[in-house]
Amino acid sequence: MSPLGTDGLDLAGRVSLMPARLPASEAVARIVARKATIRQERLSGLHNPWGHAVGLTDPWVFLELCESSRVIEAAKDLIGPDVILWDSELFSEARSYARFLCEGREGRYWPATPLAGAVVVLPVSRADPPVLGTRLGDVGPDLLEGIDPLEPLYVVRLMPATSHFDRDPQHPANRACMEEQVLINYANRPLWLLSGTDRANNDLVTGFAPAVPVWASGALPAEEKEKMNAVRRR
């Protein structure tokens, strides 16, 4: 059945405007085929339909993965019943994420207070990928045992809804991210409450809309534009 339940409808010969959802493994394969031309930062927030990943893939495929019962149950086992999804990232090769871990970077960019969370990884090139997870404080290269270093890896980052996601650009984690991952801005990312209750007054509204282009901030009000047009016509 299609995501909107349109299978079997009589479309009078027309092609549906809502294409069938790609299998996750195929969506990943298409990205991996272009990996030489894609900066790693652009593969962050791959589940966000309002982010820059929309130019690379169908983000809903990855959001469905993040919202799957297997991921949610793994997170609940690690951090409790109140779970917030705040980031996900595709690594075209698991060894790239292994380097990321060895450099101590997992957790460095988490703007959560108190700092707590879970990392769930899925080797998504497989038809039925296993779900592997660990608490943020325990994360290390051993998380990747049994995973081929060359296979793609999808990393889901989740925090307990008892922590507060700080959107202040001056927060040390946001500052570090700005300096080291220049295309990523966690301060304006949307948050998904996947399970339970938000117990830390998190902003669950920001980010659920297309970003306004920077140049739009300089747009003139209608009256000012009309005045300028009148001057040009003289």
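**View 1. Strand β3 is mostly covered, with five of its five residues buried.** Strands here are DSSP runs of E with at least two residues, helices are DSSP runs of H or I with at least four, and both are numbered from the N terminus. Buried means under 20% relative accessible area, exposed means over 50%, and partly exposed lies in between, using a 1.4 Å probe and protein chains only. This is a predicted model, in which local features need pLDDT of at least 70 and side-chain atom pairs count only at pLDDT 80 or more, while totals for chains, interfaces and linings use all residues. Residues are numbered from 1 along each chain as its sequence is written, and side-chain values use heavy atoms, leaving out hydrogens and water. In a regular strand the side chains alternate between the two faces of the sheet. Look for Ala 118, Val 120 and Leu 122 on one side of β3, and for Val 119 and Val 121 on the other; all are buried.

**View 2. Ala 118 sits in strand β3.** Ala 118 counts as buried because its relative accessibility is 0%. Its bridge partner in β4 is Arg 135. Contact means heavy atoms within 4.5 Å. Setting aside neighbours within four places in sequence, the contacts of Ala 118 include Leu 78, Ile 79, Trp 110, Val 156 and Arg 157. Leu 78 is 40 residues away from Ala 118 in sequence, yet their C-alpha atoms are 6.5 Å apart in space.

**View 3. Five strands make an open, antiparallel sheet in the order β4-β3-β5-β1-β7.** The edge places belong to β4 (132-135) and β7 (192-195); each has a single partner strand, so one side of each is left without a neighbour in the sheet. From one strand to the next, the twist averages 35°. Two strands count as paired if DSSP finds at least two bridges between them. To find your way, spot Leu 122 opposite Tyr 154 in β5, and Val 83 with its bridge partner Ser 195 in β7. Helix α2 (residues 59-66) packs on this sheet and touches β1, β3 (118-122), β5 and β7; its direction makes about 55° with that of β5. Axes are lines fitted to C-alpha atoms, for helices over the stretch in contact, and angles between N-to-C directions run from 0 to 180 degrees.

**View 4. Helix α2 is mostly covered, with six of its eight residues buried.** The buried ones are Pro 59, Val 61, Phe 62, Leu 63, Leu 65 and Cys 66. Their cover includes α1, α3, β1, β3, β5 and β7. At the N-terminal end, Asp 58 caps the helix, with a side-chain oxygen 3.1 Å from the backbone nitrogen of Trp 60.

**View 5. The largest nonpolar core has 33 residues.** Such a core is a set of buried Ala, Val, Leu, Ile, Met, Phe, Trp, Tyr and Cys residues joined through side-chain atoms within 4.5 Å. Phe 62, Tyr 154, Val 156 and Leu 158 touch the most other members. Helix α3 gives the most to this core, with six residues. A second, separate core of 26 residues includes Phe 91, Leu 101, Leu 143 and Leu 191.

**View 6. Arg 157 lies in strand β5 (residues 153-160).** With a relative accessible area of 2%, Arg 157 is buried. Its side chain makes a polar contact of 2.9 Å with that of Glu 106. A polar contact is a pair of N or O atoms within 3.5 Å; within protein, one must be able to donate a hydrogen and the other to accept it, and residues adjacent in sequence count only if both atoms are side-chain atoms.

**View 7. Trp 50, Trp 60, Trp 192 and Phe 208 form one aromatic cluster.** Rings of Phe, Tyr and Trp (its six-membered ring) pair if their centres lie within 6.5 Å; planes under 30 degrees apart count as stacked, over 60 as edge-to-face and the rest as tilted. By this rule there are eleven aromatic pairs. The ring centres of Trp 50 and Trp 60 are 6.1 Å apart and their planes stand at 70°, so this pair is edge-to-face. Trp 50 is partly exposed at 31% relative accessible area, and Trp 60 is also partly exposed, at 39%.
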